[in-house]
Amino acid sequence: MATSSFLRNRYWVLRHGKSIPNEKGLIVSSLENGIRLEYQLASEGVEQAELAGKLFLKELKENDVPLENVRMCYSPFARTRHTAEVVASTLNLPFEGPQCKVMEDLRERYFGPSFELLSHDKYTEIWAMDEKDPFTRPEGGESVDDVASRLASAMATMESEYQGCTILVVSHGDPLQILQTILNAASKQMEPSCNDLASRIQAVRIPSILSQHRKFALLTGEIRAVR
């Protein structure tokens, strides 16, 4: 199981299963559109979520992690909520109970009105911009650093609310790439002044690190331990 000495909990990340927008090749990144049920999982995505749940359950059993120590935090988008519901069912966790928590800070990166509901082929334009400068925002949208900032808030919330838990974070492609990027870099932060989570993450929110977030890309329905 994945843990780091500066964290109170162990973290896993899961990108939502294949969604209806994925099938249609559409960018659906605004919260307003993202919560619409017409943009939840496609049938293949439900199968991916079930498989991810089974893989996670296998890891829990192999590492003797009791279900009462498991928490699941998920984005409010329809595709992530649907994924979390399927996983909760596979784990036999009550989805409406205290072990499952929706967190708005885990929502999809908003790519702005110039990209919303357009072809996902345009992602390459955004990622080229990210590599050049992760502090540059797509017009009306969020930069890599904007997302890193709210993910830092999400981590602070999880770390303050839970201790000694195994937490599955159910979110989206870009946010999970960025989350893995900052946690991986934070785990290597050796500065004496960086002795807590907030200062460690702040120290790694720099262009040379944030611009490389694509290295941590996940497929739909892919689950991964965060190291």
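## Aromatic pairs

Four aromatic pairs turn up in this structure, which is a predicted model. One of them joins Phe111 and Tyr123 in an edge-to-face arrangement, with 5.2 Å from centre to centre and 70° between the planes. The planes count as edge-to-face because their angle is over 60 degrees.

Where do the two partners sit? Phe111 belongs to the loop between β3 (100-102) and α5 (123-132), while Tyr123 is in helix α5, so the pair ties together parts that are 12 residues apart in sequence. Both Phe111 and Tyr123 are buried.

## A cluster with a charge over one ring

Phe111 and Tyr123 form one aromatic cluster together with Trp127. Trp127 also has a charged neighbour: the charged end of Arg214 sits over its ring, 3.6 Å from the centre.

## The nonpolar cores

Now to the largest nonpolar core, which has 32 residues. The members that touch the most others are Tyr11, Met155, Met158, Ile167, Val169, Leu179 and Ile182. At least two residues of this core come from each of β1 (10-15), α6 (144-161), β4 (166-171), α7 (173-187) and α8 (197-204). Helix α6 gives the most, with eight residues.

Val169 is a handy place to look in the viewer. Neighbours within four places in sequence aside, Val169 is in contact with Tyr11, Trp12, Val13, Leu14, Cys73, Leu106, Met158, Leu176 and Leu179. Another core, of 21 residues, lies apart from the largest one, and its members include Leu57, Leu60, Val170 and Ile223.

Conventions: Residues numbered from 1 in each chain as written. Predicted model: local features only at pLDDT ≥ 70, side-chain atom pairs only at ≥ 80, totals over all residues. Heavy atoms only, no water. Phe/Tyr/Trp six-rings, centres within 6.5 Å; stacked < 30°, edge-to-face > 60°. Helix = DSSP H or I, 4+ residues; strand = E, 2+ residues; numbered from the N terminus. Buried < 20%, exposed > 50% of the residue type's maximum accessible area, 1.4 Å probe, protein only. Lys NZ or Arg CZ within 6 Å of the ring centre and 35° of its normal. Core = buried A, V, L, I, M, F, W, Y, C linked by side-chain atoms within 4.5 Å. Contact = heavy atoms within 4.5 Å.
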